[in-house]
Each structure stands twice: as structure tokens, then as C-alpha cells.
Amino acid sequence: MPLKPLKLAVIGGGPSAFYVASRILSLVPNANTSPPVRVHLFDRLWAPHGLVRYGVAPDHPEVKNCTHKFDATASDPRFRFFGNINIGDAITPISHTHKLSLSSIFNSYSHVLFATGCTLPTLHSALPPSQHCIPALSLVHWYTQHPNRSPPPALDKISHVSLIGNGNVSLDVARMLLTPVSTLAQYDVPESVLDVLSRSSVRHVSIIGRRGPLEAAFTTKELRELINLPDASMVPIEPSFLKPSPDLTLSRQQSRTLQLLSKGSKNAFGSTPKTWSLDFYRSPTGLIVDPSDPTTAELSLAHTMVDPRTQRAVSTGESSTLPTSLVVTSLGFHGEPTASFYDPGLGHLRTLGARIITNEGHALKNMYASGWAATGAKGVLASTMMNAYAAADTVLGDVLPDREPEEPKVLVEDILLNPNPDLDGVPREVAQGLKEGSVTQYGDWKKIDEEEIKRGQAVGKERERMNWEDARKFLETVRDRSPH
Amino acid sequence: MSNLCWRANILSRSLPNCDRQLSLIVRRRITTKSAVTQSPISLSSRPRCQSPGAKSRLAWRDWFSSSQIRAIHYSPVTRHGGIERPASGTGIKVHFKDSKGSLIKTVEASEGDDLLAIAHEYDIDLEGACEGSVACSTCHVILTPEYYDQLPEPDDDENDMLDMAFGLTDTSRLGCQVKLTKDLDGITATLPSATRNMFVDGKKPTKH
Ligand SMILES: Cc1cc2nc3c(=O)[nH]c(=O)nc-3n(C[C@H](O)[C@H](O)[C@H](O)COP(=O)(O)OP(=O)(O)OC[C@H]3O[C@@H](n4cnc5c(N)ncnc54)[C@H](O)[C@@H]3O)c2cc1C
Ligand SMILES: NC(=O)c1ccc[n+]([C@@H]2O[C@H](COP(=O)([O-])OP(=O)(O)OC[C@H]3O[C@@H](n4cnc5c(N)ncnc54)[C@H](OP(=O)(O)O)[C@@H]3O)[C@@H](O)[C@H]2O)c1
Ligand code: FES
């Protein structure tokens, strides 16, 4: 009996997509004795690697070393990447992307895996986006030059920034605002961004958390980086916050966080041009702008405590206000409500194990999800990788004759994929985009990658990023006639 | 200045503790391309380094053709530990075990080699997403107490990453930070269990 083919379409080209592809391609040899395998990644962005390119902070270049493994995966002849292809609808469509319907994918592939991440920022009900309030993701998109073109913040007109939430994204943004521009200039920070940062008049960054140091979402590594900044110092933390009740057993990370916070920042508070603070037990309730002085706003904060029973932040009844120039909400992320199989209650796709679940609770045959699309916006690359490997094992369990299918085993076939697709065929729209030169492939990306590094080198930095217009122009000059 | 010398310079300016990883990369590049002649400036023994674009130092065409060759031979480049295997019987012995405690392989390596590089050299499935820069915790291994106690204490950076490791134990270390000495002959490194649904960063009581 001929072996069943696995022609897998992966929607999204972030780390989880690459880790799934890597696992599948390394576990199934490219040999006659194995099922024929193809893995095609589709991303709406023209460049691959998802948040590794358009999220990870520029001063964390080591984190991006994972792309060497992705390059190795992409070198497998059974792998292809197609950039500038948006599958289904997008909330904020990028003008130059091609739109491809899921049904076109179903016609051309035997299996489909969603690795679409969680692309939208969670907003605060009391703080709607405005001139004085933006989500952290806008700033991340600005400093990474994400194709959705977030405008630069007017840092030259403001002195005080309030970050709401104390997760790692919040600390990333704080570091970008507080790190000397000369340090950032060596990394992968676009010149236009350096330009804005060098004119910044920001003097203080307030990081506001509704719970305390023990519940803070940041990790010790990120906290230590902030603490060690050369030109900034931290407002000392109220000592009583750092003395947990003796009957609490602290996790290792919690005790290390407390130790770090008790020591305070490397530079004594007040000895530096810039300062920052961790303002615990404060929950925003509104933002008022005085029309006669639009440079400052008043952030109202409810004082909170942690309910020992539920671990939730509850109001103490007190409140205060904080004058600030810009509020940046950093409260996490969720998936796109218009995506198929999105569960608004969960904030991500509905899954069980790595399988997609219908509204009625049935697991769908040959349909999977991995990474943040499946788990929600939680976890660092290590956890995304583990999750992706588990998803790859689920796919392989359904395909390899010597494997047992993974749970759940009862599957419905509501969606008709193509069990015998043309292995090397691509959907018509993709073929058209390739012909026009508007769809990117991994080979294109490697040429751009090399050129970006070269351009960066010329000005003494890690890389100088291209936007799509630059990339397209550059590709026209270097694309050879051969496909792939 | 060659690309790499530039990189060595910028790195030594920006990240003061990073010679070994860089030299590892240099060696890797030498073995694939023999393009670099100058060794990087040594600053300390602490392997803490980045190499964004290390791969891109190869021209795209070289990358592509060498990767095509790799694809045919089925040995992705990330598998190479960048170390030299000692002659059989002369090296320091390392036992790698899986999470269930079954022996995967016993291998030999030299003084100064780290467990991550050794695992890669011998095709053992230990990840090293940040390539030894203490920025990912994917190289987490569990040691036996006798050997754990012989090692210098993990420093703050390593502890920060261990905070985020899955299945952390009292004798956990980052594989990329454990360097072999003669005293460690016979050391056992157990890979942590890859349990499902471990999506958290390490701590965090239930939230809202
Ligand atoms: C700002 C930020 C900084 C981070 N920094 C670090 C760090 O320093 N270290 C660390 O370990 N972890 C970090 N993380 C976490 C890490 O980025 C995630 O664990 C990881 O990226 C999740 O991978 P993913 O593939 O699931 O999602 P993503 O990386 O988000 O990839 C999803 C991809 O799918 C694409 N996509 C979505 N919808 C569609 C569609 N309809 N059609 C086509 N394509 C689509 C998106 O364009 C995107 O490229 C950070 C996260 C954020 C938000
Ligand atoms: N360097 C890195 O390793 C790195 C960098 C960036 C991101 N990441 C990872 O990416 C993931 C996402 O990070 P993230 O920072 O976006 O999210 P996160 O870790 O979930 O943090 C979100 C923060 O927002 C707060 N919050 C949520 N809703 C709120 C509300 N209504 N009012 C007040 N505060 C509210 C949360 O407080 P409560 O806890 O009280 O809900 C929490 O402090 C994390 O796993 C993170 O570790 C890692
Ligand atoms: S390889 Fe990343 S921490 Fe060791």
C-alpha cells in the first residue's frame, strides 16, 4: 500500500511554525521508505520568523540565534515559505499582501496547522487608545519596523511615561526608553527609530502593576537588565512590599525577584538623568486630559491588594492620580476574532492537545494548531518550542504507520482537505504572486537578510532593516530566474 | 576588516563577556568556509555572546549550496558541536540519559568542552536555541548531586534562565554552561522530561 502523503500547510511563519516544520522534517527522512512530506509556511508578513523579528527587543540579539536552526530547516528541499500571504481576513490588513482563502488551502493540502500567534494587544476598558494612550505593541511595531507601520511616538514632547502591566513586554519597552541611544545604536534598531530616541525627553518611566512583587509577570532576567542600566535608577520600593508573610512558601523565582528588588538598582536613585519605578498595587481607572494643557494627563489609579484566597487584585477603596505624558498599556495579547476556530472566551483558537476543536466540541481530522495560536500569549521561546514539538508529534501520529495517533482520537471530518494533493503544487493565487514577484520565498529572505547585515555593518551596527518597499526594490535587482 | 573581525570588535565593545561562544562560531565558520584567520579578542572565560547573522556571514549562494548538500546528507549544521572528539579511550566520559533515566549514549569529550556542544557533536537531542548565550534555557540538564557539587555555583545570569526552565530540580544546570574538567569524568546528564502544556514562565500564582 502506498504511504499516505503529508502535505502540510502552516498558517503563520513564526517560531512555532518553524519548530513544527523542523521536527517533522527531521523525523521523516526524505526517502522512498517514508511518506512523501511537504511543509509550506504562509505568513502575511514578507519576512519570516514572526515575533523573533518583529517582537524580540533589539538588545536581545542572542535570542535571535534560534533563526540559525530555522535556516537549516528551510534548507530542506521539502520546505517552502511564502511571505506576503494573508490567510482569511485581517483586522488591520497590510496593503501589499495577497489574500488567500482557507478553502484554497483546503483544496491544495492534506493537513493544515495554525501557527498564527496572538497578534492583537489586549486593551484596558478604562483606557481606550487615544493620543495619550497607546498599546505597547504599537511601540514594539514601531521599533521593529513592522509592516503595519505604527507611527513613531512623539518622545521629544514628553517627559513621563506610564506603562500599565508588569510583564516582560512592559519591561522591554521600559528598557528601550531608558537605555542610552549609543548602546542601542549597535543593535538591530532602524536609523529612524534611533533618531526619535535620540531626541527623547523622557525622564521617568512608571511601571504600574495591579498586584505585588510576588505576582509580577516579569522574569528575573528582564528585571536584572533594567536594574543594571547605566543611565537610569529605580525608585526604592516600599520595604513592606518586599517582606512576604512568613507562612508563605516562595518559589525560587519569587525569592530571587525579592532579593533583586531589595538591593535596588545598580545606580543609586537620583544619581542618574533618567529614573524608573515599579508601582505595585495600582490599577488604572481612567485618564483625564486638561484641554488647556494637552501635554500632561492625569492617570487615576485605584489602590489595590491581593486577595489571598483568589490571588486577584481587589480595591482597598483608596485612590490617587499620577500626572503623566503618555500611557502605554502592556496587558498581553489575544488572537483575531475573525479567525476561523477563534474562541473569544479563550482569546485564542479552540484546541485540545494540538487538535482544532469545532464549536460543538469535536476534534477535526488533520487540523492542528501550535504556539501562541493554541495556548494564548504565554511563554518564552522555550515553551513555544516544546509546544510545537508536541504538535508535530500529533501530526506525525496521524501519518506515520508505526505511530499511534495522539489524543483526542475521535475525529470528525467536517472539513474536506485534499488527501492526494499535487505535492509540489501551490494555490493559484500564490503561483500568481510568485510570478509577479510580490510573494517572498525563503531564498529571497536570505538575500535580504544578508543585505540588511551588510548595510548595518557599513554604519557599525548589527543590521539595518528594510521595509517592504526597500526589500522589493532590492529583490528586483538580485532575484535570479530560477525558482525557490 | 573582515565581517567577523568587525563582529568580534562590536561584540567585545557591547557585551564584555563573550569569547568562547564567539570562538566556537569562528571555529565553525573556519570548518565550513575557512574564511577567518584572526581569532577574536579574549576578554574572559565567560561564554556569553550573541551571533546574530553568524549564518549570514556566508554569502547567500554559499549558504544555499552548502545547505542543499546538507539536506542531501541529512546532517543539519546545528548538530555540529564545533568541538573535536578526543581519540577513543583518551577523553572525559559523559553519560547522557533520557528523562526516564535510560542511557542514550556514553561519549567522550575534552576538558573545556561544554555539555551542549558535546550533545550536538554526538547528535543527542539537547536544544540550544540561543547557542550558548544564556538566553533561552532550552539546554537544561539534570546532574547527579555528586557531580553537581563539584561544579562552580551557577552565576546570576544562569540562575535567571534556570528560573524559567521546565522541570527544574536542585541539581539542574544549563548544559551550555557546564564545562568539562578531569574531575567530572563519568558525569551523567539527564534530559528533563518534555511534558506537555508547559506554557508558563516559571512562577505566577493563578491570575485574573
Ligand atoms: C514583544 C515581545 C517580545 C518577546 N521577546 C521574547 C524574548 O526576548 N525571548 C523569548 O524567549 N520570548 C520572547 N517573546 C515570546 C516569543 O516571541 C513567543 O513565544 C513566540 O514568538 C510565539 O511564537 P508563535 O509562532 O506562536 O507566534 P508568532 O511569533 O506571533 O508568529 C505568528 C505568525 O503568524 C502570522 N500570521 C498571523 N495570522 C496570519 C494569517 N491570517 N495569515 C498569515 N499569517 C498570519 C503572523 O504574521 C506571525 O508572523 C516575546 C514576545 C513578544 C510579544
Ligand atoms: N525577554 C523575554 O523573555 C520576553 C520578552 C517579552 C515577552 N515575553 C513573554 O511573552 C509573554 C507575553 O508577555 P506580556 O508581557 O505581553 O504578558 P504577561 O506576561 O501576561 O503580562 C501582562 C501584564 O498585564 C497585567 N494586566 C493584564 N490585564 C490587566 C488589567 N486589566 N489591569 C491591570 N493589569 C493588567 C498583568 O497583571 P496580572 O498578573 O495581575 O494579570 C501582567 O502584569 C510572556 O510569557 C512573556 O514572558 C518574554
Ligand atoms: S543554549 Fe540557550 S541557555 Fe544554553
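How are α14(A) and α15(A) oriented to each other, roughly parallel or roughly perpendicular? In this predicted model, local features require pLDDT of at least 70 and side-chain atom pairs count only at pLDDT 80 or more, while totals for chains, interfaces and linings use all residues. Residues are numbered from 1 along each chain as its sequence is written, chains are lettered from A and ligands numbered from 1 in the order in which they are written, and side-chain values use heavy atoms, with hydrogens and water left out.

The axes of helix α14 (residues 442–458) and helix α15 (residues 468–478) of chain A come within 10 Å and cross at roughly 110 degrees. Therefore α14(A) and α15(A) are roughly perpendicular to each other. Axes are lines fitted to C-alpha atoms, for helices over the stretch in contact, and angles run from 0 to 180 degrees between N-to-C directions. Angles under 35 degrees count as roughly parallel, over 145 as roughly antiparallel, 65 to 115 as roughly perpendicular and the rest as oblique. Helices (H or I, at least four residues) and strands (E, at least two) are DSSP runs, numbered from the N terminus. On the side of α14(A), the contact (heavy atoms within 4.5 Å) involves Asp444(A), Lys447(A), Ile448(A), Glu451(A) and Arg455(A); α15(A) contributes Ala471(A), Phe474(A), Leu475(A) and Val478(A). By class, 5 nonpolar, no polar and 4 charged residues take part in the contact of α14(A) with α15(A). Here Ala, Val, Leu, Ile, Met, Phe, Trp, Tyr, Cys and Pro count as nonpolar, Asp, Glu, Lys and Arg as charged, and the others, Gly among them, as polar.

Thr220(A), Leu223(A), Arg224(A) and Ile227(A) of α9(A) meet residues of α10(A), namely Gln253(A), Arg256(A), Thr257(A), Leu260(A) and Leu261(A). The contact of α9(A) with α10(A) comprises 4 nonpolar, 3 polar and 2 charged residues.

Ligand 1 is surrounded by 31 residues, the closest being Asp43(A), Ile87(A), Trp372(A), Leu381(A) and Thr384(A); a residue is near a molecule or strand if one of its heavy atoms lies within 4 Å of it. By class, the shell around ligand 1 holds 15 nonpolar, 13 polar and 3 charged residues. Its largest share, 3 residues, comes from β4(A). Polar contacts are pairs of N or O atoms within 3.5 Å; within protein, one must be able to donate a hydrogen and the other to accept it, and residues adjacent in sequence count only if both atoms are side-chain atoms. An oxygen atom of ligand 1 lies 2.7 Å from a polar side-chain atom of Thr384(A), and an oxygen atom of ligand 1 is 3.0 Å from a polar backbone atom of Gly379(A). Of the 1000 Å² of accessible area that ligand 1 has on its own, the protein covers 93%. Accessible areas come from the Shrake-Rupley method with a 1.4 Å probe; for residues, only the protein chains shown count as cover.

Ligand 2 lies between chains A and B. A polar side-chain atom of Arg211(A) is 2.8 Å from an oxygen atom of ligand 2. The protein covers 85% of the 920 Å² of accessible area that ligand 2 has on its own.

Two backbone features were also identified. Glu407(A) and Pro408(A) are joined by a cis peptide bond, with omega of about -15 degrees; Pro408(A) is placed in the loop between α12 and β23 (411–412) of chain A. Arg149(A), although not a glycine, has a positive phi of about 55 degrees.
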